[in-house]
Amino acid sequence: MSSRSRSASPRIAIGGILHETHTFMEQPTTLAEFATGSLCRGEDILREMRETRSGIGGMIEAASASGWRLQPTLYATAMPAGTVSEDAYQALLTDLLDHLRGALPLDGVLLALHGAMVAGDELDVETDIVARVRDVVGAETPIVALLDMHGNISPGLVDVADALLAYDTNPHIDAHARGAEAIDVMARLLRREIVPTAAYARPALLLPPQSTGTDDEPLSLLHARAADMEAEDAVLCIAVMAGFAYADTPYCGASVIVTTDNQPELARQYARELSDLLHARRDTALPRFLQPHAAVAQAAQIDDGPVILVDSADNIGGGTPGDGTEALMAMLDHDVQEGAIVLADAEAVAICRAAGQGATVTLDVGAKADNWHGAPVRVTGRVQALSDGVFAPELPDNHFAAFYGNEVHMGNCVWLRVGGVNILLTERKTPPMDLAQLRHIGIIPEAQRMTVVKSAVAYRAAYMPIATAVIEMDTAGLCSANLRRFPYRHLKRPVFPLD
Ligand SMILES: [Zn+2]
């Protein structure tokens with residue numbers, strides 16, 4: 001290890017490449033998607049990320065407070081989506097490594113990574129990144145990385161990094177705090193106070209994202225036990241990784257990384273204990289849902305509406321197209337009177353607008369974006385109303401504002417009534433986060449017997465105050481909690497719940 005800066009303030013490189021990759025989505029993630037996410041280099045990283053509540057924001061703040069001379073490299077994130085293109089990955093990695101070489105000599109490297117990134121044919125991106133960084137800085141320079149708890153971790157990553165930390169919460173409200181904790185670990189490494197020894201354990205378990213809340217079982221049990229372990233002086237940090245089930249890689253799924261201060265046997269024992277605990281409670285991670293026809297039949301038995309039919313497989317916030325049709329099919333088959341559903345279908349909007357308000361039209365609606373969300377449904381219905389698709393949210397504290405500002409623009413919209421089913425056709429997909437989405441065109445949310453929401457959680461603020469019941473459905477879609485729907489090729493088997 002260099003002794004040059006031991007007395008002065010340490011020179012620490014910082015950067016990261018983060019992506020949560022849904023390998024079953026066809027559209028690749030390219031540099032353009034990183035450019036519209038976060039993509040900054042050099043001093044811009046410190047300027048743009050310092051004030052954020054992100055993991056790297058926590059690192060920058062704590063490192064600056066410690067008086068370290070940060071050497072910013074490259075920081076890149078994009079929205080969760082399909083496999084990152086080989087070109088994009090190599091460009092980003094080359095950029096990061098070039099900045100790193102320019103910053104030598106270094107006393108340490110801090111990385112913000114996700115853990116579930118897949119790029120081209122590279123199925124273990126984070127291990128590749130850390131190994132390439134290691135090649136540049138050498139074996140003696142400590143590398144500390146912060147991961148998203150949805151990362152799919154291979155044993156190789158544990159071997160190549162000096163210390164790995166991860167968020168402890170989902171939603172990720174502690175990213176900033178974990179960034180600061182990474183600085184604490186690095187500071188102790190630089191003072192040579194600690195010798196991190198990590199152990200990794202994998203319970204061979206896939207958790208659907210719907211089951212990765214840290215306030216709920218099974219993860220709440222692990223975090224409670226891990227907190228007790230971390231209270232011991234010998235335990236430096238514990239990463240309870242839920243994994244990301246939609247990234248088809250060999251080590252996809254849950255894992256545990258326990259890092260102790262030079263006590264390898266204790267690390268192995270605790271990692272195994274946490275992994276066994278998760279495995280023992282694996283049934284609590286199984287989704288509870290009904291087939292769409294059964295869900296509609298059950299909703300029809302409930303006198304008061306609206307019953308909320310949750311189509312989380314077509315969770316628009318998770319990147320799906322918002323045009324899944326299985327719930328619509330079920331409502332039409334049951335001849336539901338006053339059922340509502342929103343479908344993103346620009347082609348159907350155009351046909352209805354051309355026909356005009358009051359016209360009767362026959363057309364195919366939905367399931368046009370890909371082959372994952374059912375089949376288009378041939379319907380004959382009346383064009384009840386047309387709109388420009390602009391509405392102001394009713395919720396005073398609306399979550400739309402962060403994405404859309406104070407007005408939501410869905411593109412041109414049509415209220416198409418088929419039998420007793422009210423279909424809101426929109427040009428742009430829009431999550432069901434506010435009742436004004438339906439009301440703006442004349443569909444009364446409170447008057448529906450049942451309403452389909454294409455969301456996992458985001459619908460709750462708007463719909464729970466009026467809902468008489470909530471029924472989760474097992475529908476087709478890229479965000480399905482039913483993991484048997486996905487054609488895994490790379491995942492190590494056997495794994496629960498597939499085998
Ligand atoms: Zn996450």
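Colleague: What's the handedness of the crossing of α10 and α11?

Modeller: Keep in mind that this is a predicted model. In it, α10 and α11 make a right-handed crossing.

Colleague: And how close do the axes of those two helices come?

Modeller: Within 9 Å, with α10 covering residues 292-300 and α11 covering residues 326-333. The axes cross at roughly 50 degrees. That angle is why α10 counts as oblique to α11.

Colleague: Which residues in α10 and α11 meet?

Modeller: From α10 you've got P292, H293, A295 and V296, and they meet E326, A327, A330, M331 and D333 in α11. Sorted by class, that contact has six nonpolar residues, one polar and two charged.

Colleague: OK, what about α4 and α5: at what angle do they cross?

Modeller: Roughly 25 degrees, and their axes come within 10 Å. Angles under 35 degrees count as roughly parallel, so that's the label for α4 and α5. Their crossing is right-handed.

Colleague: Which residues in α4 and α5 meet there?

Modeller: Y89, L93, L97, L100 and R101 of α4 meet a group in α5 that includes V125, I129 and R132. The contact has nine nonpolar residues, two charged and no polar ones.

Colleague: Switching topic, how is the chain divided into domains?

Modeller: Domain 1 runs 11-285 and domain 2 runs 292-480. Their centres, taken over C-alpha atoms, are 37 Å apart.

Colleague: How many residues of each domain are in contact?

Modeller: Seven from domain 1 and five from domain 2. The domain 1 side has four nonpolar, two polar and one charged.

Definitions and conventions: Residues numbered from 1 in each chain as written. Predicted model: local features only at pLDDT ≥ 70, side-chain atom pairs only at ≥ 80, totals over all residues. Axes fitted to C-alpha atoms, helices over the stretch in contact; angles between N-to-C directions. Helix = DSSP H or I, 4+ residues; strand = E, 2+ residues; numbered from the N terminus. Parallel < 35°, antiparallel > 145°, perpendicular 65-115°, else oblique. Left-handed = near helix turned anticlockwise from the far one by under 90°. Contact = placed C-beta atoms within 7 Å. Nonpolar A, V, L, I, M, F, W, Y, C, P; charged D, E, K, R; others polar. Domains from an automatic or database assignment.
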